[in-house]
Amino acid sequence: MSKKLFIETLGCAMNSRDSEHMIAQLREKEGYETTDDLKSADLIIINTCSVREKPVAKLFSELGVFNKNKKEGAKIGVCGCTASHLGDEIIRRAPYVSFVLGARNVSKITEVLHRDRAVEVDINYDESEFAFNDFRTSPYKAYINISIGCDKSCTYCIVPKTRGDEISIPAELILREAQRAVERGAKEVFLLGQNVNNYGRRFSGDHEKVNFTELLRRLSLIEGLERLRFTSPHPFHMDDEFIEEFAKNPKICKSMHMPLQSGSTKVLRDMKRGYSKEWFLERVEKLRSVCPDVSISTDIIVAFPGESDEDFEDSLDVMRRVRFEQIFSFKYSPRPETEAEHFTNVIDDDVASHRLTTVQNLNTDILDENNQTHLGKIYRVYFEDLNKDYHVSGRSDNNLVIKVKGSDELLGQFRDVKITQIGRTILTGEVVG
Ligand code: SAH
Ligand code: SF4
Ligand code: F3S
């Protein structure tokens, strides 16, 4: 009988891909199969995120619950970004934890498993050419890492301290991985990195210098690959060549994540984002002029230290002008080992909460207005999920989530769908072609 692995994944898409990598190694080398039942697991892994304070606080209470409910003899491993920055403190605070494995060390999973209280959290460890075994949660869409780490030093962000310096994965490895995923049935490839359009700046060995635009071009030549998506691009690296390739390449989905963070040039400077409000707006204008159908999403942080009412108004102003299709908004959370942790002009929490609500309300108003424009329109949908209520859902090229009545026969298929009903996050439609 195979051993059972229970794995919980928090955080971003890169963490999801890291979990797939760990599952792949544990299946191939150790004979594990995944389970949703904590009590029957021989190995429990929590793949953590530390981008904001809340998830870190939750970690230790969750570990306590795992320890209480686990099967006798089962091991618990803490992996991911919080593992990177807390290291052996995790074992000091929760001595029943068997190993701690940092975000950039997941290839060592089968090794730490057999060492008592192993702590492997080196953020300079280079996994950029490691040949992971193959495992994908979805047969329809393949997540592929194109770089590890992050070279930016945004003053609020802990990621460079948990994932280390940026190293690009050689283009030939990415192309080979994409080709293999497509041969196995995936029609969509989703490229991952903290800074995808900075791709190609540094490789760990001697490799052909390919930039992100060229990588997209080469990937789109793969036969059978129908859709290309990526996250996250950085607004600073959105040059004309990239925007034009994005617009004219039919395989690149017309949905762009442009993380604004703040609409105030002063706050952007304090955040060390490398662009101004005007520059961001100009890039949006350029993008929309060459690609009118693009849907743009963003991330906004409210109440960064020193953010005045006028600064905050600038964020709302950018929201009103751009009318983003989707916004992920966060209250600023001070993080250890970041520059902003030492900033003293902290914003009162009541003000921060009020600003967050204001952003969210404005976002909802814009969303509701945008959504009305979809009624009666026809979108090409790639179906990926079977829902319990006899519905199948998928995404349009411009990233709308759309569901129709149907069965698993639609999974992995493209269909034209006419929108008949508007919801805030999901649109409903019927297949027309
Ligand atoms: N590499 C991506 C971001 C990764 S982190 C980029 O540059 O866009 C995902 C999001 O979390 C960020 O875009 C930011 O909006 C938010 N975030 C990061 N650090 C934060 C902090 N200390 N407090 C609040 N939000 C934060
Ligand atoms: Fe963090 Fe900035 Fe790097 Fe994004 S680009 S991961 S926000 S340091
Ligand atoms: Fe979280 Fe690490 Fe991703 S901090 S957002 S899991 S890079």
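Which atom of ligand 1 does a backbone N or O atom of serine 333 lie 2.8 Å from? Keep that question in mind as you walk through this predicted model; the answer comes at the last stop.

**Stop 1: colour the domains**

Select residues 3-120 for domain 1, 136-253 for domain 2, 285-372 for domain 3 and 378-431 for domain 4.

**Stop 2: where domain 1 meets domain 3**

The centres of domain 1 and domain 3, taken over C-alpha atoms, are separated by 33 Å. Six residues from domain 1 and five residues from domain 3 take part in the contact. Together the two domains bury about 470 Å², and carbon and sulfur atoms account for 44% of that.

Next, select Arg52, Glu53 and His85 and show their side chains. These three provide 82% of the area that domain 1 buries against domain 3, more than any other three residues.

If you look for polar contacts here, the count between domain 1 and domain 3 is four residue pairs. Sorted by class, the domain 1 side of the contact holds two nonpolar, two polar and two charged residues.

**Stop 3: ligand 2**

Bring everything back and centre the view on ligand 2. Which residues are around it? Select Cys150, Lys152, Cys154, Tyr156, Cys157, Val159, Pro160, Gln194, His234 and Arg273 to see them.

**Stop 4: ligand 1**

Keep Tyr156 and Gln194 selected, and move over to ligand 1. Of the 15 residues around ligand 1, those two come nearest along with Gln261, Asp299 and Ser333. Tyr156 and Gln194 were also among the residues around ligand 2.

- Tyrosine 156: one of its backbone N or O atoms lies 3.0 Å from a nitrogen atom of ligand 1.
- Aspartate 299: an N or O atom in its side chain is 2.6 Å from an oxygen atom of ligand 1.
- Serine 333: a backbone N or O atom lies 2.8 Å from a nitrogen atom of ligand 1, which answers the opening question.

To finish, show the protein as a surface around ligand 1. On its own, ligand 1 has 540 Å² of accessible area, and the protein covers 90% of it.

Key. Residues are numbered from 1 along each chain as its sequence is written. Chains are lettered from A and ligands numbered from 1 in the order in which they are written. This is a predicted model: local features need pLDDT of at least 70, side-chain atom pairs count only at pLDDT 80 or more; totals for chains, interfaces and linings use all residues. Side-chain values use heavy atoms; hydrogens and water are left out. Domain bounds come from an automatic or database domain assignment. Contact means heavy atoms within 4.5 Å. Buried area is the accessible area (1.4 Å probe) that two parts lose on being put together, summed over both. A polar contact is a pair of N or O atoms within 3.5 Å; within protein, one must be able to donate a hydrogen and the other to accept it, and residues adjacent in sequence count only if both atoms are side-chain atoms. Ala, Val, Leu, Ile, Met, Phe, Trp, Tyr, Cys and Pro count as nonpolar, Asp, Glu, Lys and Arg as charged, and the others, Gly among them, as polar. A residue is near a molecule or strand if one of its heavy atoms lies within 4 Å of it. Accessible areas come from the Shrake-Rupley method with a 1.4 Å probe; for residues, only the protein chains shown count as cover.
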